[in-house]
Amino acid sequence: MRSTLPLLKRHGPTVFGLLLLVGAVYVVQREFRSLSVADVTRAMGEITTGALWLGAGFTVIAYLVLAIYDWLGARYAGRPSSWGRALLASFCGYSLAHNLGFAAVSGAAVRFRLYSAWGYTPLEIGKVIGFTSLTFGLGGMALGGAVLTFEPEVLPWVSDHVPRWALQLTAVPLFGVVTAYVLLSRFRRTIRFWGHEVELPSTSMALAQTVLAAVDVAVTAAIFYVLLPPAEGLTFLRFIGIYLAAYAAGIAAHVPGGLGVFDGAIMIGLAPYLGTAEVVGALLVFRLFYYIIPLFIAGFLFAGFELGQRRAALAGLSAFGRGAMPLEVPVLAGLVALGGGLLIFLGALPVRQTVLLQWAGYEAALASQLAASVVGSLLLVISYGLLRRLTLAWGAAIFLLLNGAAIAGLRAEEWWTWGAFLLVAGFLATMRSAFYRDSRLVAEPLSQAVALPLLAVGFCGLTLALVAYGGRVADAAWWEVPLSRIAPAQLRFTVGLTGLLLLFGTLRLLRPVRIRPAPFDAAARLSLLAAHGSAPVAGDAVIRGERGEAALVFTRGKEVWAAQGDPQGPRDDAVSAIWRFRDLCERNGVRPAFLDATERFGRIYADIGLQMVEDPARPGRLVACVAEHDLANLTGSAPVP
């Protein structure tokens, strides 16, 4: 049991998220098979001008409500903020986190950058982040409890087999958590939560949190609701229940913007009330209002803030790709992932009867659908490698994006569709220097651990491309075949197995090289002294760069492993040592930190999601860590909630 729990803690959320994503892709594919671009265009055209204005208005209100989160959070932290600062921090943090979802540009990281520039301490920033994170959860539970109380039939399938009163009882735990939080704020000032001492807000502020979060969820759901045509039985309260379930599934899957998972859950929830075309049309406009437009605005605002803070960043614009901000790569990785989702969407739609396809025949139409789905799936995987700054992922992403543009062009999609793939590929091509890590494929000999994933990718790609979709499953997509009741058992097994191996093999190839830290004993210390002229006095282990020329010594803690200063050795190998240390920490379920860090590796620390701040216990010394969580523990001050 002791060995099982760490594995579940480390890999359970990822496996669960992957299962959700696979299920969502199947649902989306199944629903889209009967759609055409004309159906979706018609449904979007039927959205009235009044509904569009209402949706835009609710979007503005939703982001204004989110700004109150930060405004109240700053007061909770004991450092009241102006309304303008709260609006900027909230809008940038939520817009980027909603769309990208990656740790390097999460709402916490963006808020830390903004609030630290305004003079807030890490402890105060940690309180703001904790307050904003908890506030949304309170609103979701309060509204979820209300939905289960008054509209328990919102749960699909379950309501057909479970009594209404039993479904209503499931609201009790949700209301109980919210009530307990408010009561605790009345009778206690602090609680111990996951090893941290958390200071509770006042009772009035706790009530304000709950009401504010409930309004936020309701207004956000209203953006989507007003875009839908009238449907019998679909009350607003029932729709809120569907929206909450879909949003929770998107968060659990750890997919940027809940892409695919949120959409599939919404389709399932609304299937009894509306046709697929109407749901997809409203969904696309909702994503445009709440996700895409705010993302571009927030990107410009955040970039403007950075330029205002650091005039030297202007020089970086002439060398795009070396850049001064750690935001560029995660944004492009997010765009690559969105491109993968778009290709999967295109692969699910029927092919337009272009002159080329009429000449090539029915097989070419099926091939374009298959290619779009395979390339789209691989782009989703490759985006993970981009975040890890892998050179292989950089080259593969450009190649797949060009393939995506070609597929969209052959399918006679709109010019902006294939143009978007070319534009992202062009931006990515200028950033070669931002990708400096070797993957397992090029950093290790062609051992069994490398050869098997490589062969799996090649074999599975060829198998999927050569599957003959004849007979009873002629119109099925490749990932729909394993779940088809009319497909032969052998075909279902073969296609399902090869599809899974294709993604698994690609992930294996994108894994960084193996990491084997050595004990930091007397012999290791003498070796470091001989090679670099200095070495820490104490430590638990030493980890070296990929060439073995750079090294860093670290100590193991319960939640944080701390390196004793910057790596020693040549810069390029020292960079690989930093990433190897980060990967080692990730595999062991802890966070990395660097004590006595210097600005020499400031960009690399930012790339792995750390912030460089002054050690409050030792003025003039810098610490690179997840500051809102770990700075206080690393320096001996009061724990950060």
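Strand β8 (residues 611-614) and β9 pair in the antiparallel sense over four bridges, where pairing requires that DSSP finds at least two bridges between two strands, and strands are DSSP runs of E with at least two residues, numbered like the helices (H or I, at least four residues) from the N terminus. This is a predicted model, in which local features need pLDDT of at least 70 and side-chain atom pairs count only at pLDDT 80 or more, while totals for chains, interfaces and linings use all residues. Residues are numbered from 1 along each chain as its sequence is written, and side-chain values use heavy atoms, with hydrogens and water left out.

- An open sheet with mixed pairing is formed by seven strands in the order β3-β4-β5-β6-β7-β9-β8.
- Because β3 (518-519) and β8 stand at the edges, each with a single partner strand, one side of each is left without a neighbour in the sheet.
- Helix α22 (residues 522-532) packs on this sheet and touches β3, β4 (541-544) and β5 (551-556), contact meaning heavy atoms within 4.5 Å.

**Helices α9 and α10**
- Helix α9 (residues 203-227) packs against α10 (residues 236-252) at an angle of about 100°, with axes 10 Å apart; axes are lines fitted to C-alpha atoms, for helices over the stretch in contact, and angles run from 0 to 180 degrees between N-to-C directions.
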